[in-house]
Amino acid sequence: MNKLKNLVTGVDFSGQSRIALTEAARIAEWNGAKLRLVHVVEAQTVRDLARHERRDVEELRAELTDGSRSALQEWGADLGLAGRASERVVFGHATDEIVKQIKEVNAGLLVAGVRGTANEAAGAGLQATRLVRSAPCNVLLVDDRHVGPFKRIIAGIDFSPTSREVVEQALKIACQDDCEVMFVHIYVAPWKDLHLPLGFNYSSSFRTEHLTDLELSLREFVGGVDGVRASFHLHHHQKHGRGISEFAREQGGDLLVLGTRGDFNIRYLLLGSTAEYLLREQPCSVLAIHPQ
């Protein structure tokens with residue numbers, strides 16, 4: 001598995017972004033990667049504040065930029081990142097500017113908090129959701145309850161090409177954190193769609209054989225898991241997003257790894273509607289894998 005060379009983390013100085021930065025520092029250390037801390041001074045906020053205080057926009061912008069840069073350096077020093085990370089304070093729209101920073105360093109991962117300074121009550125915040133949609137790399141949204149190494153990974157598998165990257169990343173993290181990974185496939189029972197004449201019966205072996213074939217397909221798709229505590233699961237639900245969220249909660253998962261798009265030819269997963277639903281639900285930290 002290839003190691004990360006560069007990663008970016010967005011810092012808005014909320015408690016949630018502090019947790020995300022701590023996780024980003026841990027991942028950077030694993031990989032010997034360079035970490036870039038990015039804070040965006042929102043252009044519209046500066047203009048509104050300057051108008052309110054009757055100050056020059058550029059003067060206020062410079063003041064906020066200097067203060068933010070000092071704060072980023074302090075946060076980095078607190079986490080022992082001196083000499084191992086770079087800081088950037090940029091001016092503009094948060095999503096656009098963070099994406100620019102990702103492209104500038106060719107980052108393989110963006111780490112952000114699930115919720116920011118607005119501290120929305122449930123699910124991923126608006127900014128986090130925008131980043132998952134727009135970032136040209138994988139995105140880890142760190143839950144504000146997360147502390148230390150991951151303990152149980154839930155990897156959603158839909159047999160799409162993106163799911164191969166899901167497998168690789170889930171196994172990589174499981175090795176690094178010495179934790180369990182549960183591979184799960186959400187299925188819709190085909191026998192539920194059979195509209196048969198009253199009194200017609202079909203062999204009960206159909207269900208058994210179908211589930212046996214699905215589990216075999218899941219195991220073959222994942223392949224070798226040497227040295228990793230892995231298990232394989234089928235979970236029935238009519239809605240894939242709800243099914244994964246339900247499974248993650250039932251199993252006590254603290255990291256959900258899933259693709260942002262799935263294979264629509266087989267009616268399965270994902271930003272598609274499944275990923276969108278899971279961002280709203282956010283049962284735990286989420287690593288969103290973009291198609292290669």
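**Aromatic pairs and positive phi angles**

W75 is buried, at 14% relative accessibility, where buried means under 20% relative accessible area, exposed means over 50%, and partly exposed lies in between (1.4 Å probe, protein chains only). The model is predicted, and local features need pLDDT of at least 70, side-chain atom pairs count only at pLDDT 80 or more, and totals for chains, interfaces and linings use all residues. Residues are numbered from 1 along each chain as its sequence is written, and side-chain values use heavy atoms, with hydrogens and water left out.

A pair of aromatic rings is described by the distance of the centres and the angle of the planes. Rings of Phe, Tyr and Trp (its six-membered ring) pair if their centres lie within 6.5 Å; planes under 30 degrees apart count as stacked, over 60 as edge-to-face and the rest as tilted. In the whole structure, the search finds three aromatic pairs. One of them joins F13 and W75, with ring centres 5.4 Å apart and planes at 90 degrees, so this pair is edge-to-face. F13 belongs to the loop between β1 and α1, whereas W75 belongs to helix α3, so the contact ties together parts 62 residues apart in sequence. Helices (H or I, at least four residues) and strands (E, at least two) are DSSP runs, numbered from the N terminus.

Another of the aromatic pairs is formed by F159 and F221, also edge-to-face, at 5.6 Å centre to centre and with 75 degrees between the planes. F159 is in the loop between β6 (152-156) and α6 (161-177), and F221 is in helix α7 (residues 205-222); this pair links distant parts of the chain, 62 residues apart. F159 is partly exposed at 22% relative accessibility, while F221 is buried, with a relative accessible area of 11%.

The ring of W75 also has a charged neighbour: the charged end of R18 sits over this ring, 4.9 Å from its centre. A charge sits over a ring if NZ of Lys or CZ of Arg is within 6 Å of the ring centre and within 35 degrees of the ring normal.

Backbone angles were examined as well. Most residues other than glycine have a negative phi. F13, although not a glycine, has a positive phi of about 70 degrees. This residue is partly exposed, with a relative accessible area of 28%. R54 also has a positive phi, near 55 degrees, and is a residue other than glycine. R54 lies in the loop between α2 (43-53) and α3 (57-78) and is exposed, with a relative accessible area of 77%.
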